[in-house]
Amino acid sequence: MAELKTKEYKKFEDIKHIREDGSEFWSARELADALEYTQWRNFSKVIERAMIACENSGHDVFDDFAEVSKIVDD
């Protein structure tokens, strides 16, 4: 796998969240923006495929994908 360019790496580091236990996670909505998806419905298909891949690899989807609702300002 080719290494990420500095600019691309920084884009993902800038949106990384760190829990109190030191584990890292990313918000799907922030990832969608970073990957330049203009519509959430298109990126949600990517998330669905990732969940299937997670399950097929023997992981518990509910351990790795948390459902979060976003409050939209009017």
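Visitor: Why is Lys 10 called partly exposed?

Guide: Its relative accessible area is 48%. Buried means under 20%, exposed means over 50%, and partly exposed is what lies in between, judged with a 1.4 Å probe and protein chains only. At 48%, Lys 10 therefore falls in the middle class.

Visitor: And what kind of model are we looking at?

Guide: This is a predicted model, in which local features need pLDDT of at least 70 and side-chain atom pairs count only at pLDDT 80 or more, while totals for chains, interfaces and linings use all residues. Residues are numbered from 1 along each chain as its sequence is written, and side-chain values use heavy atoms, with hydrogens and water left out.

Visitor: How do you know that Lys 10 and Asp 14 form a salt bridge?

Guide: The term asks for a side-chain nitrogen of Lys or Arg within 4 Å of a carboxyl oxygen of Asp or Glu. Between Lys 10 and Asp 14 the N to O distance is 2.9 Å, so the pair qualifies. Both sit in helix H1 (residues 6–14), and because they are 4 residues apart, about one helical turn separates them. Asp 14 has 52% relative accessibility, so it counts as exposed.

Visitor: What makes the pair Glu 36 and Lys 11 a link between distant parts of the chain?

Guide: Glu 36 is in the loop between H2 and H3 and Lys 11 is in helix H1, 25 residues apart. Their salt bridge spans 3.9 Å, N to O. Lys 11 is partly exposed at 30%, whereas Glu 36 is exposed at 64%.

Visitor: Which residues share salt-bridge partners in one network?

Guide: Let's start with Lys 16 and Glu 24, whose closest N and O atoms are 3.3 Å apart. Salt bridges with shared partners join Glu 13, Lys 16 and Glu 24 into one network. Glu 24 is partly exposed at 43%. Over the whole structure, the search finds 4 salt bridges.

Visitor: What do the helices and strands amount to?

Guide: There are 4 helices and 2 strands, running α-β-β-α-α-α from the N terminus on. Helices (H or I, at least four residues) and strands (E, at least two) are DSSP runs, numbered from the N terminus.

Visitor: What makes a group of residues the largest nonpolar core here?

Guide: A nonpolar core is a set of buried Ala, Val, Leu, Ile, Met, Phe, Trp, Tyr and Cys residues joined through side-chain atoms within 4.5 Å. The largest one has 6 residues: Ile 15, Leu 31, Ala 32, Ala 34, Phe 43 and Ile 47. Helix H2 (28–34) and H3 each give two or more residues to this core, with the largest share, 3 residues, coming from H2. Across the 74 residues of the chain, 12% are buried.
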